[in-house]
Amino acid sequence: MENGFKTFAEVISFAVMREEESHDFYKDLAEKTTDPFLKPLFTDFAKEELQHKKMLLTIDAVALESMFEKIIQKQNDPGIAKKLENIEPAPEMAFGDALILAMKREDKAFELYSLLAEISEDDDLSLLFLGLAREEEQHKMRIEKTYKSLFDQ
């Protein structure tokens with residue numbers, strides 16, 4: 001394996017670490033905010049990241065098949081995340097800003113996993129990274145749709 005990963009376990013370990021970082025990020029925001037709408041939103045995002053971690057730690061043929069199904073699904077990305085300015089996390093941010101922050105974070109995770117899939121010379125790893133990229137893309141698109149329905153005329 002190239003690009004710093006010597007084993008499949010190292011790839012999984014890296015991905016688990018990224019999911020833990022995302023979980024901690026959203027959990028921290030949920031704890032810091034006093035906004036009654038943002039607290040459960042960030043708490044839900046944190047829970048989703050834990051689900052990703054759990055899936056990675058228990059990856060098996062069923063999980064790989066599920067990832068493959070996501071890889072081949074056509075996505076209609078509204079592209080909102082790319083059009084908006086970056087937002088700094090803050091305990092007292094507006095709901096729209098919180099959605100922007102989350103969609104941009106998911107977009108960065110999508111880009112990272114997509115790049116790793118592209119540069120990996122191991123087909124199995126490429127598929128794994130593509131599956132992870134699609135997971136992040138789906139989260140981003142869900143957040144974008146919410147943002148669009150609330151704020152985009």
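Buried means under 20% relative accessible area, exposed over 50%, and partly exposed in between, with a 1.4 Å probe and protein chains only. The model is predicted: local features need pLDDT of at least 70, side-chain atom pairs count only at pLDDT 80 or more, and totals for chains, interfaces and linings use all residues. Residues are numbered from 1 along each chain as its sequence is written, and side-chain values use heavy atoms, with hydrogens and water left out.

The chain holds six helices and zero strands. Helices (H or I, at least four residues) and strands (E, at least two) are DSSP runs, numbered from the N terminus. Along the sequence the pattern reads α-α-α-α-α-α. Of the 153 residues in the chain, 41% are buried. Contact means heavy atoms within 4.5 Å. Among contacts in the chain with a separation of 6 or more, 74% join residues 24 or more positions apart.

Helix H2 covers residues 38-57. Its 20 residues should span 28 Å at 1.5 Å a residue, and the end C-alpha atoms are 29 Å apart, which agrees. The expected span is 1.5 Å times one less than the number of residues. Buried positions in H2 are Leu38, Leu41, Phe42, Phe45, Ala46, Glu48, Glu49, His52, Met55 and Leu56. An α-helix has 3.6 residues a turn, so residues three or four places apart point the same way.

Leu56 lies in H2 and counts as buried because its relative accessibility is 1%. Residues up to four places away in sequence aside, Leu56 touches Ile12, Ala15, Val16, Glu19 and Leu132. Ser13 is 43 residues from Leu56 in sequence, yet their C-alpha atoms are 8.5 Å apart. His52 is also found in H2. With 6% relative accessibility, His52 counts as buried too. Neighbours within four places in sequence excluded, His52 is in contact with Glu19, Glu135, Glu136 and His139. Lys54, another residue of H2, has 52% relative accessibility and therefore counts as exposed.

Helix packing was examined next. Two packed helices are described by the angle between their axes and the distance between the axes. Axes are lines fitted to C-alpha atoms, for helices over the stretch in contact, and angles run from 0 to 180 degrees between N-to-C directions. Angles under 35 degrees count as roughly parallel, over 145 as roughly antiparallel, 65 to 115 as roughly perpendicular, and the rest as oblique. A crossing is left-handed if the near helix is turned anticlockwise from the far one by less than a right angle, and right-handed if clockwise.

Helix H1 (residues 8-32) packs on H2 at about 165°, with the axes 8 Å apart. H1 and H2 are therefore roughly antiparallel. Their crossing is left-handed. On the H1 side the contact includes Ile12, Ala15, Val16 and Glu19, and on the H2 side it includes Phe42, Phe45, Ala46, Glu49 and Leu56. By class, this contact of H1 with H2 has twelve nonpolar, four polar and seven charged residues. Ala, Val, Leu, Ile, Met, Phe, Trp, Tyr, Cys and Pro count as nonpolar, Asp, Glu, Lys and Arg as charged, and the others, Gly among them, as polar.

H1 also packs with helix H6 (residues 123-151), at about 15° and with axes 11 Å apart. H1 and H6 are therefore roughly parallel. The crossing of H1 with H6 is right-handed. Phe8, Val11, Ile12, Ala15 and Glu19 of H1 meet Leu125, Leu128, Phe129, Leu132 and Glu136 of H6. Eight residues of the contact of H1 with H6 are nonpolar, none polar and two charged.

Helix H5 (residues 95-119) packs with H6 at about 160°, with axes 8 Å apart. This pair is therefore roughly antiparallel. H5 and H6 cross in a left-handed sense. The contact of H5 with H6 comprises 18 nonpolar, five polar and six charged residues.

One further residue of H6 is Lys145. Lys145 is exposed, as its relative accessible area is 52%. Lys145 and Asp77 are 68 residues apart along the chain, and their C-alpha atoms are separated by 9.4 Å.
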